[in-house]
Amino acid sequence: MPQLDQLSTCPSCAEPLETGDRFCGACGADLEAAVRARTANGTAAADGTPDRTPTLPDGASPPPGPPPPVPDVALPHPHDHGEHTPPPPPPPPGAPGAAPHPPAAHEPAGPVTGPAPPAGAAPGPRAADPQADGVPFPDGTARQGVPGGPVPGAAEAASGPAGDGLGHVVEDGPADGPETLAPTCVACGTGAIDDDGYCRHCGHKQPRDRDHMESELGTVAAASDRGLRHHRNEDFYAIAETTTPQGAPATVAVVCDGVSSATRPDDASAAAAEAASTALCTALPDGRHPQEAMHEALVAAAEAVDALAADTPPEPSKNAPACTVVSALCADGVLTVGWIGDSRAYWVPDDRSAAPVRLTEDDSWAAQMVAAGLMNEAEAYADPRAHAITGWLGADAYEIDPHTASFRPEEAGVVVVCTDGLWNYAESAEEMAAALPPDAAARPLQCARHLVGYALDGGGHDNVTVAVVPFPAPRGGAVSA
């Protein structure tokens, strides 16, 4: 096989080469391919390297000027750090200087957009244009798919997955459609991701979209995180804003915790949260009483989880899809909560000298022991059976018993709606109030992030989800409905 030191300059852009170069540092041309092509033709250039004369159909004469450059583009070589400029594309068929030979296997089937060199002009290197060539911007970002960018599919001759040289893997698509840029590994930056979420190159497990989520509206914010021990996030939340028939604003926050011992717990929590939020946003503008609307929302959430069992193959070692739910609704100065399971809601006044309150009671073994007077709260929650739930959403639930309650706070404050991934580290109302930043009402998203971080710093043994709802309550007597 010919040695690369036979080339002293790049055949595409005339860039001087060093001994052992496999790719041109200026234009990225594949030097091995150029040597092979010239050697196969059997001619030599002035510098002693083989020359290439295009093979033309019978009766055709070669066009004037130098031959077009070899349009080989490969993945960035390890020594050029991916910062080379792609070579200029060949002129389209019929243009001056175009050779009518068919494209090679690694060349694009159709014409590549971009300026063609003038007839008879020697090809030269192009100036790097971040917006035209798709090379990285100074801030590290890159713009893809613009005319004059990397040639799709030209990297197939290189070892490893095909790519565009900019951290994406180019997947084959329809011949008459654009290429598809698939996500690449967050660890190695080059490998394609298989259907199981692992990098085909280095084997690194990729983060899922649900591993960390954040949302913010004008009157509510929420955050969720996979935690430090679980392999996926089985929590989910939904937040929304709507109005009452009188046009008063209403805020909805729903938080669900998938039951890990069940099948598809992540799907169950997502279905329940979305169904409950949708039901509340439909019932309130229609004039339904908040507690009635909350009860119906929890029933709708249960039905959504039940429906998952119908198209889920049974697993002998697991239960049907299941989750817990807790929801808060703030409208007309009234705070309404509803729940099934052991996810919780807390009320924390802005005036921290006032007492915070836990608004929900768990459907759990520990809560039953305390309610029956068999154990005090410290003893019950220290028992290994403490978090065994006695109420949940799912096709195998004993019965659906939605709990609802309404309050009219006397002062402004914050409602914290969360899964046990947070309250395990701040169980009492006083502990939750101590973990809550003092500016929670003014910065709910930052507060939600802080509480997620609080749980992760505490150990992050479970998924962590929290919604923060500032409540500017009007003055009035506190009542429980």
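A residue counts as buried when its relative accessible area is under 20%. By this criterion, Asp266 is buried in the predicted model. Arg232 is buried as well.

These two residues also pair with each other. Asp266 and Arg232 form a salt bridge, with their closest N and O atoms 3.9 Å apart. Asp266 belongs to helix H3, which covers residues 265-283, whereas Arg232 sits in the loop between strand S6 (221-225) and strand S7 (235-243), so the contact ties together parts 34 residues apart in sequence.

Arg232 has a further partner, Glu234. In this salt bridge, the closest N and O atoms are 3.1 Å apart. Glu234 is buried, as is Arg232.

Another salt bridge links Asp267 and Arg264. Their side chains meet at 2.8 Å, N to O.

Arg232, Glu234 and Asp266 are connected by their salt bridges into one network. Arg232 takes part in the bridge to Glu234 and in the bridge with Asp266. Across the whole structure, the search finds 12 salt bridges. Among them are the pairs Arg232 with Glu234, Asp266 with Arg232, and Asp267 with Arg264.

Notes:
Residues are numbered from 1 along each chain as its sequence is written. This is a predicted model: local features need pLDDT of at least 70, side-chain atom pairs count only at pLDDT 80 or more; totals for chains, interfaces and linings use all residues. Side-chain values use heavy atoms; hydrogens and water are left out. A salt bridge is a side-chain nitrogen of Lys or Arg within 4 Å of a carboxyl oxygen of Asp or Glu. Buried means under 20% relative accessible area, exposed over 50%, partly exposed in between (1.4 Å probe, protein chains only). Helices (H or I, at least four residues) and strands (E, at least two) are DSSP runs, numbered from the N terminus.
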